[in-house]
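Let's take a walk through this structure together. Keep the 3D view open as you read.

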Amino acid sequence: MSTAQVPPVTSIGVPRITAGFDEYGRLDLQAHQEVHGGFAALSSGELIGLADRIELRGRGGAGFPFARKVRAVIDSCKRQDLPPVIVVNATEGEPPSWKDKSILTRGPHLILDGAALAAAALDAEEIVIGIADDGIGQNSLTAALAERKMPCPTRIVTVPHRFISGEGGALVRGINGEAHIPPGRKVRSSDNGVMGLPTLLSNAETYSQLAIAARLGPWEYNSVGIPEEPGTVMLTVGGSATAPAVVEAPSGTPLMDVLTMCGADIGPGLLVGGYHGKWISAEQAATVTISRKGFAKVGGTLGAGMLIPIGSKTCALGEVAQVVQYLAGESAGQCGPCRLGLPDLARAVTLVSLGGSALEQVRQAAGLVKGRGACSHPDGTSRFALSALEVFHKDVEAHANGEGCGKQVRGILPLPYTAEKGARRLALDWSRCDGHGLCSAVAPEIIRLDHNGFPAFPQTPLPPWLEDGARKAVNVCPALALRLIDPAAAAH
């Protein structure tokens, strides 16, 4: 069971969730029991009491109190006289995130322990574990299930490895055999989830933390971290880090300790919380401690624990534009603000990265989508874009005055399509180009004209949603100067 695709896993202080990873690589049931020991079953009241006393919150991004979720499910079960379903969200569809996959591949029994605790306490009908269809962790999880007895029927459901597939409502729809996209209206899974039953849905790390707490008890669990947010936090450190890793750290750990350990060059900014998170400056990063409260002090968010320093060797605006283009393409396409508004936002951000004076267009496009979508995707995307332009304001000025930053886009912010065989990029034969400008008229979201009337465009792989426009631009070029090339061919 290869874990080669998952970054190295390390810890600051005494490991809890990651205990035994160094010694065993992957913990089978025997190794898991040797490292973690056993635990006693809990009643529903004891489960709620434990979650309350350790301040357990969801680790998938929203940070919702776990005990409140359990209470809502119990109340719904009583009101409807129905049994509940336990759902583990281990899809982790966001490209920079690896923390849940590290647990899936190396410590799967902790996830199953947490789900089993909840299922036994609530007398659940079924446990469903949602994972991405990229295959990472599936063999490990399947083997773990074969090694043990669960308190109720347990199955694995795979969903498309897309950004929005891990949204709670999208996951429930996928499990129910519907399209893997968020529902068009707000539906509480605690009232109407899998098979129409009350559903307790939380992410893989949350259930793992619950399993740790059941063994340690609230007093020992709370002995690590800060009082208002006790325990450890699983973090994914990537971006410009020379030693990217999944790091388990006590809450309250200085952010710079984690970044320094991973060899991170922050450069002008650090993305916290992932592609629905916010950018903070290097100066702000130096003051932050790892906690929801710590990040909130600088206007950031812990989210799902992603720390992505941009570094000083890439074009920050080009990186940001590429991600906003990707996020626009990840829209479920079911509501206007997302289907129409996010492409507008992506075009405006791309124009800024190309040196256009489109800052006001970015603000307008972001304002039109905020708070108006069927899910959080428009809000998260606009937050990412607006905070980037604020933190990288010096780059915005340099690009706008024609000087540029002098750097290429190096792909510091990971995107799935850049690794796909079909991902292409635009190229220009300068010996042929006469500056007709037709290409920019056909594909203004990709190409603009520079001060001399010649086409300018990002030197990065095109996201799939822009390929049609790029192809039309190539076809209208009268001088045959513009072409689409495969990145692999361009390297030779």
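A residue counts as buried under 20% relative accessible area, exposed over 50%, and partly exposed in between. Keep in mind, too, that this is a predicted model.

Start with the open sheet, where four parallel strands line up in the order S4-S3-S2-S5. S4 (154–159) and S5 (199–203) sit at the edges with a single partner strand each, so one side of each has no neighbour in the sheet. From one strand to the next, the twist averages 20°. Lying across S2, S3 and S5 is helix H6 (residues 108–122), which runs at about 160° to S2.

Now for the charged side chains. Glu-126 and Arg-155 form a salt bridge, with their closest N and O atoms 2.4 Å apart. This pair ties strand S3 to strand S4, across 29 residues of chain.

Asp-113 belongs to H6, while Arg-148 is in the loop between helix H7 (138–146) and S4. Both residues are buried.

Finally, look for a network of salt bridges linking Arg-59, Lys-99, Asp-100 and Glu-205. Within it, Lys-99 and Asp-100 meet at 3.1 Å, N to O.

Methods. Residues numbered from 1 in each chain as written. Predicted model: local features only at pLDDT ≥ 70, side-chain atom pairs only at ≥ 80, totals over all residues. Heavy atoms only, no water. Pairing = 2+ DSSP bridges. Helix = DSSP H or I, 4+ residues; strand = E, 2+ residues; numbered from the N terminus. Axes fitted to C-alpha atoms, helices over the stretch in contact; angles between N-to-C directions. Contact = heavy atoms within 4.5 Å. Salt bridge = Lys/Arg side-chain N within 4 Å of Asp/Glu carboxyl O. Buried < 20%, exposed > 50% of the residue type's maximum accessible area, 1.4 Å probe, protein only.
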